[in-house]
Every structure is written in C-alpha cells, then in structure tokens.
Amino acid sequence: MFAEIPLFPEQASTTAQRVDALFFFLCTVCGSMAILIAGLVLFFAFKYRRRAEDERTPRIMGNNRLEWFWTIAPLFVFLIMFLWGADIYTSVALPPPDAADVFVVGKQWMWKIQHPGGQREINELHIPVDRPVKLTLTSEDVIHDFFVPAFRTKIDVIPGRYVQTWFQPTKTGRYHLFCSQYCGTSHANMVGTVFVMERDEYRQWLGGQAATGSLADQGRQLFLKFQCITCHSANAEARAPILEGLFGRTVSLRNGRTVVADDAYLRESILYPEAKVVQGWEPIMPTFKGQANEEELIRLLAFIKSLKPGQTPVRNEEALPPLDAPKMPPGGNPKQHEAVPTYQPQGKSNEP
Amino acid sequence: MSSAITTGFVPQAKPRPPRAPGENYLNVAIGVKSWLFTTDHKRIAILYLVTVTILFFLGGAAATVIRLNLMTPTGDLVPADTYNKLFSAHGIIMVWFFLVPVIPTVLGNFLVPMMIGARDLAFPKINLLSWYIFTIGAVITLWALIAGGVDTGWTFYTPFSSKYARTNVMPTMIGIFISGFSSILTGLNFIATMHTMRAPGLTWWRMPLFLWAHYAASVILVLATPVLAMALILVGVERAWGIGIFDPELGGDPVLFQHLFWFYSHPVVYIMVLPSMGIISEVVTCFSRKPIFGYVFIMWSSVGIAVLGFLVWAHHMFVAGQSVYSAMIFSALSYLVAVPSAIKVFNWTATLYKGSISFETPLLFALGFIALFTMGGLTGLFLAALGVDMHVHDTYFIIAHFHFIMVGGSVMGYMGGLHYWWPKMTGRMYSDFLSKLAALIIFVGFILTFLPQFVLGYLGMPRRYHVYPPEFQVLNVMSSAGASILAVGYVLPLFYLFWSLYAGKPAGPNPWGATGLEWQTPSPPPTHNFDESPIVTTGPYEYSVEESEIVH
C-alpha cells in the first residue's frame with residue numbers, strides 16, 4: 001500500500017498537457033517569488049538581529065519608486081497568467097466540430113451515460129483514444145461535478161440545464177472519474193472509471209453492448225409513446241409546428257422575439273411548453289414534466305435533432321413495437337450503432 | 001525632532017475621576033453579574049475571548065475526527081453521513097463562529113478604543129448586545145450541529161440544501177443568520193468609533209495600521225453580511241414553503257445561490273485576514289524597532305482589498321457553467337486583488353531592513369504569518385488562472401490554499417496579536433520558552449498538514465470525500481500526522497496563557513517598548529483606559545529614536 005507515492009497525475013488528454021504547462025509556469029514564477037521573499041526575510045532577520053538593547057535604527061519611512069515598482073511589476077506577470085489561463089479555458093469551452101457525442105446524466109449517486117449508438121453505461125465511460133469527445137451533461141437532482149483528473153477536465157453538472165465540455169484522450173488506460181461537487185451521503189462513492197481504448201477495441205466494445213437501436217431510434221419510440229405525433233404530425237392540419245430540420249434554426253416566437261432551437265430550448269419546450277410559444281401557434285401543448293426523465297429527454301432531443309424533412313413518423317403508426325425489439329430507423333442503417341458514433345452536432349450549444 | 005514629537009503622548013489638562021492605586025478593569029468589580037452586564041469594551045473582549053476559544057476547540061475537535069478518518073482510504077472510523085456532518089460542522093463553526101469574529105471582537109474590541117485614545121467604543125451597550133446576539137446564534141447553531149447535525153457543508157449549495165438534505169439545515173441557518181447581526185453591530189460600532197472618538201491630534205493618517213485594517217474589515221462586515229442573510233432566508237423560504245428560487249423543478253436557478261453566497265463569502269475571507277494583517281504591521285514594527293515601510297501604501301492596500309474583494313466572487317464558479325466572458329472578467333479581477341496583498345508583504349519585508357530585530361514570540365508568529373500567507377496568496381494565483389482552476393477546483397488544492405490563508409494567515413496573525421497584547425490585557429507575562437515552542441510547533445505542524453494537500457489536490461483528490469482511492473493514502477497519512485502536531489501547538493498556549501494569569505511575572509505598562517497609545521497606560525488598563533486623555537502629535541510608529549526618549 002505504501003509502495004508508491006504518486007506525486008503527479010497521469011497526463012492523458014491534450015488539455016492535460018496544456019494545463020500542466022501553465023501549472024509548471026506558475027510553479028516556477030510563484031516558487032521564485034516565495035524563495036525571494038523567504039530569503040529576504042530570513043536574511044534581514046539574521047543580519048539585523050538585535051545585538052544591543054539600546055540599538056538605534058534609521059528612520060526609513062518608505063520609498064515611492066520602490067512601491068510603484070512592486071505594485072506595477074506583478075501586474076505584467078499576472079497578465080501573462082491570466083491570458084494563458086483564459087486561452088486554455090476558452091478552448092475547452094468550444095468543442096471541435098468533429099467531436100463524438102456522449103450524454104451524461106448525474107443523479108445521487110451515480111453517473112448514467114448514453115452513447116449516440118444507444119449504448120448505455122453506469123459509472124463507466126468507454127471512449128476511443130485520439131478522438132475528441134464532447135460531453136453534454138445534466139443532473140436529475142442536485143449539482144454534481146464530472147471530474148477526470150487525468151484529462152484535467154472538470155465541469156459542474158447542474159439540474160435544469162445542459163452544460164458541455166470536451167476532451168481528447170491521448171493515452172489508453174483506465175482513469176478515475178470523480179464527482180467533485182458535494183452531493184450528499186454517498187458523494188465519495190459517486191465515482192467511476194473512464195476506459196480509453198484503441199479504435200478497434202472500442203469498436204468491439206460498442207458492438208458487444210446490447211443497444212436497442214440508436215439514441216435517435218429510442219427517441220423516436222418515445223415520440224410515439226408520449227403521443228407527440230398527435231400534434232407534431234407534419235400534416236397540413238397539424239396542431240403544432242413541424243419539427244423536421246428544426247434543430248439549430250432560428251425560431252420566431254409569439255412575443256416577437258426569436259430564439260435559436262438548441263438543446264436548452266427544446267428541453268424547455270418539452271417541460272415548460274408555455275415558456276416560448278412559436279409564432280402562429282396556440283399554447284395548447286401539455287407539459288411533459290414528471291413524465292419524461294432526463295435520460296428520456298436526451299433521447300427525444302437526439303430524435304428531434306436527427307429529424308430530416310419527410311422523416312416524421314406517420315400519424316397512424318399507432319401499434320407501438322416493444323422498446324427492445326430491433327427496429328429499422330427511418331432511412332437509417334440498422335447496423336449504425338456498431339460503428340464509431342458518427343453523430344454530427346448542428347448549430348451551437350446553449351452553454352459554453 | 002523635538003522630544004514632544006517622539007512621545008506621541010502629552011498629558012491633557014482634563015483629569016479623569018481619580019482611581020484607587022492598582023485598580024484596573026479586571027479587579028474593579030467582581031462576580032458573574034459584573035461580567036454579564038458590563039459595557040466595558042475590555043471586559044466584552046474577554047467575554048468574546050472565552051466564547052470564541054471554546055468554539056475554536058469545538059471546530060478543531062471536528063477537524064481531528066476528519067483527519068483521523070482519512071488515515072485509511074476506506075474511512076473506517078465514522079460512517080459517510082457522520083463524516084459529512086463533521087466537515088460541515090468544522091466549516092460552519094470555524095468560519096462563522098471563530099475566524100470572522102475572532103480578531104475584531106477580541107483584539108479589536110480591546111484595542112480600537114485604546115489605540116485611538118478613547119474611553120470606550122461609540123456604543124458600549126450595543127457592543128454588549130452584539131456579544132449576546134453572537135452567543136445566542138452560536139448556541140442555536142451548536143445545538144443544531146450536535147442534535148442531529150447538518151450535512152450540507154458550510155456552503156449550503158442549492159438545491160441540495162433547499163430540498164434534498166434531510167438534516168438540521170433550518171436551525172443551523174437560523175443560528176448563522178442571528179450571529180450575522182452581531183457582525184454588523186460590531187462593524188458599525190468600530191466605524192462610528194473611529195470617525196468620532198479619535199484623540200486630539202490623531203488624524204486619519206496617524207492611525208495605526210491595525211485600525212485601518214479594522215476599518216476596512218468593518219466596512220466589509222456591514223456591507224456583505226446582509227447579503228448572506230438574504231441568501232439564507234431565500235434557502236429557508238424554498239425549503240419551508242417550496243417557493244421556487246433555486247430549485248429548477250420549481251423554476252429556480254441553483255447557480256443563483258452561489259452568486260449570492262460568494263458575494264458574501266469571498267469578502268468574508270478579507271474580514272478574516274485584514275485584521276490579521278493589521279496585527280502584523282504592529283508587531284513587525286515593534287520588534288524591528290522601526291517605522292513601517294510605506295505606511296500610505298499599506299493603508300490604501302487595505303482599502304483596495306476591501307473594495308476589490310467585492311468584485312471577485314464568481315471566481316468560485318469557474319466550472320459552474322459560467323459564460324466564458326464572465327469567467328475571464330472575474331479571473332482578471334482576481335489577479336488585481338492579489339496586488340494589494342503583495343504590496344503588504346513587500347512592505348513588511350522592507351520594514352525589517354536595517355531594523356533591530358528581536359525574536360520575541362509575537363514576531364515569530366508574525367514571521368510565520370508572512371511565510372504562510374505568502375504561500376497561500378501565491379497558490380491563489382494558480383486558482384485565478386482559468387485553465388488551472390478547471391483542474392484543481394473543488395480538490396484538496398483548494399482546501400490547502402484556503403487553510404494557508406485562513407489558518408496560516410488569519411490564525412497565525414491572531415496568535416501573534418494575542419501574544420503581543422496579552423501582557424496589556426492581563427498585566428502578566430507568559431512563559432517565553434513555551435510560547436516560542438508553540439509558535440514553532442504550530443508552524444511546522446501547519447506545513448506538514450497542508451503542504452501534502454496541494455499535491456493531493458493536483459493529483460485529483462476531490463474535497464469532502466469520506467473514502468478515497470488507495471494511492472492517495474500516504475499523503476493523507478502525512479497530512480494527518482501533521483495535524484496531530486498542529487493540535488499540540490494549539491493546545492499548548494491554552495496552558496501557559498492560563499498559567500500566566502496566576503504565575504506570570506507582572507508585565508508593566510510597556511514590556512515591548514512599543515509606541516501605540518495602548519502602551520501608555522498601566523497593564524491591565526484602568527476601566528477608563530487613560531487616567532489623562534492623550535494628545536497625539538506624531539505618526540504611529542516612531543521607533544527610530546533614542547531609547548531614553550521613549551516614555552515607559
């Protein structure tokens with residue numbers, strides 16, 4: 001147990017390298033400052049120690065040039081630290097367009113993870129090496145925090161909203177996943193493992209998972225189950241807007257404002273339909289709060305995002321197949337989920 | 001320089017009512033009632049001293065169990081819920097019932113009137129009231145913590161605190177809410193006193209830096225505490241009646257709470273550390289027998305900290321889904337607030353230059369403060385860097401950082417101040433050897449406890465973890481070992497200071513040869529502080545004069 005004392009964390013993502021570079025810069029600058037001050041204090045304390053009880057001292061009241069020097073000089077050093085830190089932070093806030101999607105729901109006290117191919121995991125996350133991965137996260141209850149020290153990735157997972165972050169693993173292996181925002185009794189057990197795998201190994205893993213259709217397929221079934229189709233039918237006499245190609249578009253609202261149809265807007269419209277009613281439509285939609293949980297919302301959103309013109313299910317498709325039955329997605333490839341997820345995000349995200 | 005300038009103290013032709021020889025504030029009246037109904041700021045300071053010392057050791061007891069539990073990765077000592085209640089109790093007691101009040105209410109209460117040459121604070125009865133309010137708040141909170149406990153952490157983050165926690169959240173918050181009024185009253189009292197009751201000749205620019213530090217801290221107390229009160233009320237309203245403010249299920253915003261909470265709780269760090277900085281300015285000048293280097297810069301840096309301290313709250317929320325631009329603004333402002341702290345450290349160092357340095361116990365604590373506070377401040381630069389904060393936020397790196405500031409800084413300063421003014425407060429000297437030993441033990445114990453936590457934090461160990469991966473054990477054991485040394489260091493003064501009351505040799509009015517007005521009157525001081533009202537004719541730190549010219 002005492003065999004090895006780790007002193008530095010594993011460096012397993014592109015971000016980790018950048019964070020560590022800044023960390024070492026800070027260590028060097030701050031370390032030098034600490035040594036300088038400690039050295040001066042010790043030197044003065046020794047050199048000017050009291051040798052006689054009636055010792056006298058020169059009446060030095062200050063030195064304005066020196067004061068201004070040590071007021072202004074740190075500002076330049078701080079500016080470097082600030083810009084460097086902001087640069088890393090900004091790049092972590094903006095996922096690259098080719099990043100693979102992973103959806104994370106935190107709840108007391110576990111991590112529930114969904115892949116676009118429909119694979120689900122709990123407290124484990126399997127991802128391929130050398131590929132950017134974008135996480136979209138939300139919480140079912142309190143605030144959690146998704147923290148992978150080896151990736152230097154940390155983001156608060158907040159109930160009622162989606163947050164996003166991304167990373168690109170550079171090294172295969174197993175890494176700790178921690179909840180680092182205190183969330184109650186078993187906070188310290190809300191931990192998991194991130195498995196970074198070679199591309200082939202990862203493909204095998206995906207294929208071995210018992211996924212019941214892609215995330216969008218599962219969302220399509222929920223779309224039918226919740227009877228969304230009754231109004232969002234894409235027919236001429238439909239009582240609600242057509243959802244095809246909606247994601248990422250700018251929508252005009254009844255109150256004269258506009259909103260970009262992103263994850264947050266879609267989620268809000270399902271849970272609080274009266275909040276932002278589309279221009280030209282009546283506020284007749286019931287809330288699905290309490291019916292659709294966070295994981296189901298993610299699936300519904302995946303379906304709506306995937307909906308291309310002409311793909312809305314027909315309204316009389318009422319016989320609902322069992323959820324676990326293999327099913328042909330509309331115009332999709334039934335083996336799609338066995339490939340590396342190729343889900344492409346469209347439009348911009350709601351939260352950096 | 002004429003000799004009148006060097007004394008800083010000229011008898012005024014308006015004598016106080018005569019007092020019996022040897023009569024002082026301690027022996028002027030005896031009995032419990034004479035203490036519980038006193039309006040003497042010095043006696044109230046003693047009441048506070050006893051109260052916060054008890055609270056300090058209660059908070060320390062919780063820390064002891066925490067560190068013992070973390071000796072093993074499996075958390076064998078206490079169950080998870082108990083552990084969560086322990087760290088909550090530790091934080092709540094130490095922040096609100098020790099660190100915030102300790103220096104202003106003990107040393108500030110005792111010294112603000114004496115340093116400005118006044119008989120008492122501006123509102124002596126309000127001063128006593130504030131002690132009662134504080135004690136009532138403390139008793140309610142302690143009762144809540146002992147009878148069931150609370151498991152939200154001292155931060156009360158929503159919606160956990162407002163909805164999910166099944167522990168004594170309400171009574172704990174009520175106790176903290178009540179004690180907040182005590183903070184506000186003390187702050188108001190200090191501000192009013194410093195504005196209206198300074199001795200003739202004691203201009204703002206001649207005030208000792210201890211007073212400036214208390215002035216700045218009082219402004220923060222008065223402005224920030226109400227925001228905490230509001231935040232706690234809102235949590236209570238949501239918890240009791242389900243009115244949606246923070247809970248997204250009710251249409252609230254959980255992050256809003258963090259804004260309100262840190263708008264108070266960041267400035268509150270400066271309430272803890274500013275008075276401590278004031279003590280360091282007094283102690284360093286006295287024991288290097290030199291005027292402070294750059295008085296005006298230290299004074300303005302106190303004011304600067306008080307103002308800028310209000311503008312950095314959101315740096316606690318860099319990973320809480322903040323917009324990139326907002327994060328960048330708060331990062332930049334956080335770097336700005338580091339500047340005034342750096343100015344102070346540089347000036348204290350420069351004060352030592354060409355001094356006549358005598359290593360008495362208060363100076364040892366002050367040098368300990370400079371070392372630990374510098375490390376705390378420099379690691380703050382890591383946290384202000386957005387890219388690094390992303391990794392170390394909510395890990396043991398943060399724990400180590402704020403303990404360096406709040407314990408290494410604030411508590412070291414308090415210990416220095418307590419040892420510096422103890423002879424004035426009690427009229428007795430404590431054991432020279434034991435007090436120096438305590439300073440050394442505290443310094444070494446502190447470093448051993450918290451230095452490993454920086455490493456743990458960068459390795460990724462999150463805070464508030466009851467159990468942890470086994471590879472973190474060695475560093476945790478090191479930290480716990482250091483904590484046991486630290487505990488010895490904190491218990492030791494309890495004995496020798498108590499002992500000094502009975503067996504300490506009489507201190508005389510000015511055992512350190514210090515210049516402040518408080519040293520120009522007998523120790524312990526008479527109830528009216530000064531037999532004759534002082535007149536001030538010089539700046540506060542006129543040490544660089546011939547020994548024979550200093551009035552003893």
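# A guided tour of chains A and B

Begin where the two chains meet: the contact takes 77 residues from chain A and 79 residues from chain B. The model on the screen is predicted.

Next, select helix 12 of chain B, residues 324-352. With 14 residues, this helix gives the most to the side of chain B that touches chain A. Now colour that whole side of chain B by residue class: 51 residues are nonpolar, 19 are polar and nine are charged.

Then turn to a pair of helices within chain B. Select helix 4 (residues 80-115) and helix 15 (residues 396-426) of chain B. Two packed helices are described by the angle between their axes and the distance between the axes. Here the angle is about 25 degrees and the axes lie 11 Å apart. Angles under 35 degrees count as roughly parallel, and helix 4 and helix 15 of chain B are therefore roughly parallel to each other. Their crossing is left-handed.

To see which side chains belong to this packing, display B:Leu99, B:Val102, B:Ile103, B:Leu107, B:Phe110 and B:Leu111 on helix 4 of chain B.

Finally, select chain A and colour it by pLDDT. The average for chain A is 86, and 88% of the residues score at least 70. Which stretch of chain A stays under 50? Select residues 325-352 of chain A, where pLDDT remains under 50. For this stretch the model has 53 contacts beyond four places in sequence.

How values were computed
Residues numbered from 1 in each chain as written. Chains lettered and ligands numbered in written order. Predicted model: local features only at pLDDT ≥ 70, side-chain atom pairs only at ≥ 80, totals over all residues. Contact = placed C-beta atoms within 7 Å. Helix = DSSP H or I, 4+ residues; strand = E, 2+ residues; numbered from the N terminus. Nonpolar A, V, L, I, M, F, W, Y, C, P; charged D, E, K, R; others polar. Axes fitted to C-alpha atoms, helices over the stretch in contact; angles between N-to-C directions. Parallel < 35°, antiparallel > 145°, perpendicular 65-115°, else oblique. Left-handed = near helix turned anticlockwise from the far one by under 90°. pLDDT = per-residue confidence, 0-100.
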